[in-house]
Amino acid sequence: MGMWDVMSAFPEQVERAAKESASLIGLPTHEDIENVVVLGMGGSGLAGDIMTCVAGPFMPVPIVVTKGYEPPSFVGPSTLCFALSFSGDTEETIDAAQTAALAGARMVVIAKGGELARLARSWDAVLIGVPEGIPYPRAGIGAVAIPTLTVLEQTGLFPGATGWIHLAVEQLKRRRDELTKDDNGARDMARRIGRTIPLVYGGQGLGRAAAIRWKNEINENAKSPAFMNTVPELTHNEIAGWGQNGDVTRQVLSLVLLRHDHEHPQVMRRFELVRQWTEEVVASVEEVNAAGDGPLAQLLDLMFYGSMVSLHLAAQEDVDPGPVTVLEEIKAALKQ
């Protein structure tokens with residue numbers, strides 16, 4: 001299904017998404033908005049997590065991400081509501097979006113087509129399409145996530161988004177040059193953690209979003225179990241779970257630490273302590289350090305690295321990274 005080529009073109013996908021959503025008509029102004037709600041599942045829902053950790057700290061209003069059938073009860077005319085569905089047929093998002101629209105929310109829909117796009121036209125909502133040639137939702141994270149940032153910029157809620165996107169594109173191109181060489185860090189990491197279950201730890205909001213992406217990409221591309229958690233939260237609970245069964249965990253688990261330049265100093269210290277307490281009870285401890293200027297660049301850099309690792313994990317086990325049959329079967333069963 002062309003997953004290698006699509007993921008290698010991630011920088012251009014981000015660049016194109018920013019350009020095509022740069023001048024939208026019908027958006028409210030920031031004076032009319034008291035809160036922002038993002039509706040989405042899977043890779044589309046992850047776009048809300050990206051918005052929260054990149055734009056949220058700088059915005060004058062709160063962002064709430066909802067991954068389910070119902071929007072928050074406070075949704076109303078002063079809500080800017082993003083309904084995100086790559087296919088346009090995600091049933092949870094459709095249900096939640098209909099409720100939000102009936103409550104009078106200012107709707108922005110990002111979808112390839114489907115029922116959600118049809119509803120968006122009936123609501124006279126802002127509708128942003130998804131380019132052709134992207135085979136699966138996880139391969140279109142840039143096409144879904146980046147327009148949400150440009151919308152926030154155009155409403156006056158997140159000035160400067162375009163500049164951060166340009167910096168992210170520059171870093172993604174540098175990382176691609178590195179990771180498409182015959183010998184590269186992503187392939188080497190896949191060889192080290194292959195046949196183990198990766199446990200991905202990220203620091204705070206940015207690291208958390210990156211860790212979710214790593215987990216999901218390994219699940220869907222390599223068809224392998226993977227799990228994630230966040231520092232500092234895990235140092236209040238999960239770290240205690242390494243107290244026994246080390247003879248088992250060191251055979252089956254590998255730990256991946258995702259690091260970035262925007263960590264709180266105490267989070268940095270906690271990462272050191274996590275490594276200290278776990279390195280003898282896992283198969284290996286891997287660390288990936290984000291590069292690039294600004295939080296968006298560093299977040300997308302970590303995500304891109306994880307995508308390439310997951311594709312190498314699939315390749316070395318002769319697994320087709322494209323189809324996710326079980327997900328389609330679940331959707332079909334629910335429709336019945």
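The model is a predicted one, in which local features need pLDDT of at least 70 and side-chain atom pairs count only at pLDDT 80 or more, while totals for chains, interfaces and linings use all residues. Residues are numbered from 1 along each chain as its sequence is written, and side-chain values use heavy atoms, with hydrogens and water left out.

The pairing that opened this text belongs to strand 6 (residues 197-203) and strand 7 (residues 227-231), which run parallel and are joined by 5 bridges; two strands are said to pair if DSSP finds at least two bridges between them. Strand 6 is also joined to strand 8 (residues 253-259), again in parallel, by 6 bridges, and here Leu 199 has Leu 255 of strand 8 as its bridge partner. Strand 6 is mostly covered, with 6 of its 7 residues buried, where buried means under 20% relative accessible area, exposed means over 50%, and partly exposed lies in between (1.4 Å probe, protein chains only).

Leaving out residues up to four places away in sequence, Gly 202 touches Gly 207, Arg 208, Ala 211, Asn 229, Thr 230, Val 231, Leu 258 and Phe 271, a contact being heavy atoms within 4.5 Å. Gly 202 and Pro 232 are 30 residues apart in sequence, and their C-alpha atoms are 9.0 Å apart in space.

Between strands 6 and 7 the chain passes through helix 9, and these three elements make a right-handed β-α-β unit; a crossover is right-handed if, with the strands pointing away from the viewer, the path from the first strand over the helix to the second runs clockwise. Helix 9 (residues 204-221) has 18 residues, which at 1.5 Å a residue should span 26 Å, and its end C-alpha atoms are 25 Å apart, in agreement with that value; the expected span is 1.5 Å times one less than the number of residues. Among the buried residues of helix 9 are Leu 206, Ala 210, Arg 213, Trp 214 and Glu 217. After helix 9 comes Lys 223, whose phi is positive, near 55 degrees.

Strand 1 (residues 35-39) and strand 2 pair in the parallel sense over 4 bridges, with Val 36 standing opposite Ile 63 of strand 2. The β-α-β crossover from strand 1 through helix 3 to strand 2 is right-handed. Ala 55 lies in the loop between helix 3 (42-54) and strand 2 (63-66), and this residue counts as buried because its relative accessibility is 0%. Apart from residues up to four places away in sequence, Ala 55 touches Ile 50, Leu 149, Leu 152 and Phe 158. The C-alpha atoms of Ala 55 and Pro 295 are separated by 9.3 Å, although the two residues are 240 residues apart along the chain.

Two of the residues that Ala 55 touches, Leu 149 and Leu 152, are among the buried residues of helix 6. Helix 6 (residues 141-154) has 14 residues and reaches 21 Å from its first C-alpha to its last, close to the 20 Å expected at 1.5 Å a residue. Because 12 of these 14 residues are buried, helix 6 is largely enclosed by the rest of the structure. Just after helix 6, Gly 156 takes a positive phi of about 85 degrees.

In soluble globular proteins, nonpolar side chains tend to be buried together. A nonpolar core here is a set of buried Ala, Val, Leu, Ile, Met, Phe, Trp, Tyr and Cys residues joined through side-chain atoms within 4.5 Å. In the largest such core, which has 79 residues, Val 36, Phe 82, Leu 152 and Trp 214 touch the most other members. Helix 12 (residues 295-316) gives the most to this core, with 12 residues. Apart from it lies another core, of 18 residues, among them Val 37, Val 75, Ile 94 and Ala 125.

Note on methods. Helices (H or I, at least four residues) and strands (E, at least two) are DSSP runs, numbered from the N terminus.
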